[in-house]
Amino acid sequence: MENENKRKALSAFALAFASEYKAYAKIHGVTQTQLAEYLDRVQSYVNRGMNGKRALDTDDVDALAKLTGTTGKNLMIELARLAKEDIKVNALSGEERQRIMDAKIDGGFALAASDDPNKRIEAETPDE
């Protein structure tokens, strides 16, 4: 087993990317077990990537993309954009950060709901 003390620390961007990867998987209902099976790895391998203990790679991104019905390229671009936003947000004051994070969470749930055919039907059906 690799000595944890000798491992190179991940950059702020890599940590933010892992956080966004984990959030995206959760919003879309993809489990670590599903990712591990797709990658032909053990669940702890996926867990370490999602929790910033190892750098995520293109195989990780491709697996999550496949399981959520998008492309690796599109997912990589979206996660990178969100990770960059996270880094900027962390530099803000507590109140500003909370306002942005609240809006981001609401937007994430809206994205997840837009992927749900039942929610799309509800949104298209006028209330009586």
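User: Is Asp-40 buried or exposed?
Analyst: Asp-40 counts as exposed because its relative accessibility is 70%, where exposed means over 50% relative accessible area, buried under 20% and partly exposed in between, with a 1.4 Å probe and protein chains only. This is a predicted model, in which local features need pLDDT of at least 70 and side-chain atom pairs count only at pLDDT 80 or more, while totals for chains, interfaces and linings use all residues. Residues are numbered from 1 along each chain as its sequence is written, and side-chain values use heavy atoms, with hydrogens and water left out.

User: Where does Asp-40 lie?
Analyst: Asp-40 is in the loop between α2 (32-39) and α3 (43-50), helices being DSSP runs of H or I with at least four residues, numbered from the N terminus. Although Asp-40 is not a glycine, its phi is positive, at about 55°.

User: Which residues of α3 are buried?
Analyst: Tyr-45, Val-46, Gly-49 and Met-50 are buried in α3. Seen down the helix axis, the buried residues of α3 fall within an arc of 130°, so they line one face of the helix; the arc is that of the directions from the axis to the C-beta atoms.

User: What do they pack against?
Analyst: The buried residues of α3 pack against α1 (12-27), α2 and α4 (58-68), with contact meaning heavy atoms within 4.5 Å.

User: Switching topic, how many residues has the largest nonpolar core?
Analyst: The largest nonpolar core has 21 residues, such a core being a set of buried Ala, Val, Leu, Ile, Met, Phe, Trp, Tyr and Cys residues joined through side-chain atoms within 4.5 Å. α1 gives the most to this core, with six residues.

How values were computed. Helices (H or I, at least four residues) and strands (E, at least two) are DSSP runs, numbered from the N terminus.
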